[in-house]
Amino acid sequence: MPLTRTPTKTVTSIDDVLSLAQDLIDADQQDLMTSAAGNTVACRARCTVCCHQAVPVGPAELRSIRDAIAEMEEPTRNAVERRIEGAAAELRSLGFTRTSLSDVASTQREDVAQSYFANRVMCPLLEDGVCSVRDARPMACREYLVSSDPSKCSSLEDPTVVRIRLRRDVLDNYTKFEAGHGDNGSLILALALADQIPASLPVADQSQTGIFRQLTAM
Ligand code: SF4
C-alpha cells in the first residue's frame, strides 16, 4: 500500500517519526477498509462514543495537536481552548489529576480507563461531532476501529465489541518511542502542559532510531 507521504529518510526529530508513524497507520487503515479481508469498519462520522475515553498521548503528538489548535480560525480556536479548560476542570473535580499515565501500574490502567470512561467527559477537541484536529489526532484515536455495532462501544466491557486490529504494530512501536522522550499523558489534562514541550525534540540515541528503522521496515 503506498504511503500518503514519502517517509523521512533522515531522522532529526521525533516529529519525523510521528509523521512516519501517522502515514503508516493511516495507510494500513485505508488498506483494511478497501481490502477484501472482510473487515467492514462500522465507525461512522459523528459517532463520538470513543471520544469519551482517556486518550494516551506522547510529547510530539501533544505539540502537534497544540499547533493544530493554534492554526484554527477564530472563534473556533477560542471555543476549543475554553472547552479544554472546562473539560480539564471537570476531570480534576472528578478526581482525575494525572497529566501523566506513566506512573500508573499496567495492572491498574484498565481500572483507570474504566473509571474515566464512566464519567463521560467528552473530548474538547470535538467540534459539532467531528474531530477538529483530525490530521493531528493521536495515534490511539487513529487506530481505534470496530466492525461491531458502534452502539456497543458505550461499554468498555462489552465482550461483543469487535476491534479491528491493524496488521502493523505501529502503535506499540510508536508508544515505546515516545516514552523515550517524556511521559505519555492523558490528552485533556496534558494539553494544558503542551506549551512547555520544547520546539524541537531531537532523536537522541541509537535505541530510538532503532524504533524508526523498525517502523520503516514494516
Ligand atoms: S482527539 Fe479527536 S478523535 Fe481523539 S478523542 Fe479527541 S475528538 Fe476524538
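Among contacts between residues at least 6 apart in the sequence of the protein chain, 81% link residues at least 24 apart. The model is predicted. Of the 218 residues in the protein chain, 28% are counted as buried.

**Overall fold**
- The protein chain contains 8 helices and 4 strands.
- In sequence order, these elements of the protein chain give the pattern α-β-α-α-α-β-β-α-α-β-α-α.

**Nonpolar core**
- The largest nonpolar core holds 35 residues, of which Ala21, Leu187, Ile188, Ala190 and Leu191 touch the most other members.
- Two or more residues of this core come from each of helix 1 (14-34), helix 2 (59-70), helix 3 (76-93), helix 5 (139-142), helix 6 and helix 7 (187-191).
- Helix 1 supplies the largest share of this core, with 6 residues.

**Helix 6**
- In helix 6, which spans residues 170-179, the buried residues are Val170, Leu171, Asn173, Tyr174, Phe177 and Glu178.
- Viewed down the axis of helix 6, these buried residues lie within an arc of 165°, and they therefore line one face of the helix.
- An α-helix has 3.6 residues a turn, so residues three or four places apart point the same way.

**Ligand surroundings**
- Around the ligand are Cys51, Val55, Cys123, Leu125, Leu126, Cys131, Val133, Arg137, Pro138 and Cys141.
- The shell around the ligand comprises 9 nonpolar residues and 1 charged residue, with no polar residues.

Definitions and conventions: Residues numbered from 1 in each chain as written. Predicted model: local features only at pLDDT ≥ 70, side-chain atom pairs only at ≥ 80, totals over all residues. Buried ≥ 20, exposed ≤ 12 C-beta atoms within 10 Å, placed from the backbone. Contact = placed C-beta atoms within 7 Å. Arc of directions from axis to C-beta. Near = placed C-beta within 6 Å. Nonpolar A, V, L, I, M, F, W, Y, C, P; charged D, E, K, R; others polar. Core = buried A, V, L, I, M, F, W, Y, C linked by C-beta atoms within 7 Å.
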